[in-house]
Amino acid sequence: MTRLLRSDGRVRLLRIVRQPFAVPLLARGWQRAVPVLLAIGTIAVLGGLTVIWAARLTVPYPVYVSELGANGAPTAEPFAVALLSIAAGGFSIALASGHIRSAAPVLGRWAPALTLGFAGLCFVVASQITCTAACPVPLIDPRSTVQDLVHTLTAVLGFAAACYAMLQVAFAAALPRIARFSLLCCVLVASITIVGGLFALVHVAVEVGAWLELAGTTVAIAWLAVYGVSLARVRVLVGDTR
């Protein structure tokens with residue numbers, strides 16, 4: 001009997017993780033909060049993106065996005081504020097999207113909301129633990145430090161999680177209109193950031209690589225804003241387990 005109760009408890013917990021708004025109590029509480037969360041989240045992520053672009057345009061030479069927040073950089077404080085704003089917006093949209101789930105079996109093991117929440121957490125850490133001057137590549141550049149490693153790792157994990165969330169949403173039955181857009185953004189962000197990262201590793205076409213990384217960042221944040229807006233049209237159904 002004890003084992004059955006434990007097993008049943010685990011199943012219920014897993015069900016909540018996969019589909020938080022399938023629980024009536026959670027659904028009723030969040031129905032009223034969803035529009036507010038989506039509005040705050042969309043404004044926050046777009047505001048963060050605007051700050052990043054404004055900071056980048058003040059630098060007359062090619063820099064990668066993370067270099068804007070490097071120790072001693074004149075744009076360090078605005079960059080930290082931008083990342084925190086994007087993270088806060090991501091958390092807000094994640095909280096409002098607990099009813100969305102991917103229809104693909106592999107991608108539907110947990111809700112996209114959890115993936116976005118993890119991405120937001122990574123960006124919070126990256127905003128507080130920035131890279132050192134010139135952002136040396138960890139483990140490759142002898143000037144790199146543990147600080148550079150932590151920042152780079154959390155930033156990469158954050159982008160990877162964002163791409164995975166896009167992929168999950170691309171197969172979400174509740175959002176057919178944004179599905180193709182999400183898949184396209186996933187491919188674009190992955191491709192652009194990988195190419196830009198490779199340029200940074202081999203120190204080739206640095207200016208091109210820097211703009212590619214900024215472009216990938218822009219696409220990712222723009223997707224999050226569009227996702228937030230599209231969610232405003234999806235009703236939160238109590239007990240919906242699809």
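**Before you start**

You are looking at a predicted model, in which local features need pLDDT of at least 70 and side-chain atom pairs count only at pLDDT 80 or more, while totals for chains, interfaces and linings use all residues. Residues are numbered from 1 along each chain as its sequence is written, and side-chain values use heavy atoms, with hydrogens and water left out.

**Stop 1: the whole chain**

Show the chain as a cartoon. There are eight helices and zero strands, in the order α-α-α-α-α-α-α-α from the N terminus. Helices (H or I, at least four residues) and strands (E, at least two) are DSSP runs, numbered from the N terminus. Of the 242 residues, 45% are buried. Here buried means under 20% relative accessible area, exposed over 50%, and partly exposed in between (1.4 Å probe, protein chains only).

**Stop 2**

Select proline 78, in helix α4 (residues 76-96). Proline 78 has a relative accessible area of 33%, so it counts as partly exposed.

Now go to histidine 99, in the loop between α4 and α5 (112-128). Is histidine 99 buried or exposed? With a relative accessible area of 10%, it is buried. A polar atom of the histidine 99 side chain lies 3.4 Å from the backbone oxygen of alanine 96.

**Stop 2: the loop between α5 and α6**

Select alanine 134, which sits in the loop between α5 and α6. Alanine 134 is not a glycine, but it has a positive phi of about 70°. Its relative accessible area is 45%, which means partly exposed. Cysteine 135 is in the loop between α5 and α6 too, and its phi is near 45°, again a positive value in a residue other than glycine.

**Stop 3: the salt bridge**

How many salt bridges does a search of the whole structure find? The search finds one. A salt bridge is a side-chain nitrogen of Lys or Arg within 4 Å of a carboxyl oxygen of Asp or Glu. Select arginine 143 and aspartate 141 to see it, with the closest N and O atoms 2.9 Å apart. Side chains of opposite charge can pair when their charged atoms come close. Arginine 143 is exposed at 54% relative accessible area, whereas aspartate 141 is buried at 12%.

**Stop 4: the nonpolar patch**

Helix α7 (residues 176-202) gives the largest share, three residues. Leucine 149 lies in helix α6 (residues 146-170) and is partly exposed at 35% relative accessibility.

**Stop 5: the largest pocket**

Finish at the largest pocket, which holds about 1200 Å³ of space. Among its 49 lining residues, Ser66, Thr152, Ala155, Val156 and Glu213 are the closest to its centre. On a 1 Å grid over the protein atoms alone, a pocket is an open set of points where a 1.4 Å probe fits, with protein on both sides within 12 Å along at least five of seven lines; lining residues have an atom within 4 Å of a point. Grid points are joined across faces, edges and corners, and the volume is the space filled by probe spheres set on the points. Color α4, α5, α6, α7 and α8 (206-231): each supplies at least two lining residues, and α6 gives the largest share, ten residues.

Key:
A polar contact is a pair of N or O atoms within 3.5 Å; within protein, one must be able to donate a hydrogen and the other to accept it, and residues adjacent in sequence count only if both atoms are side-chain atoms.
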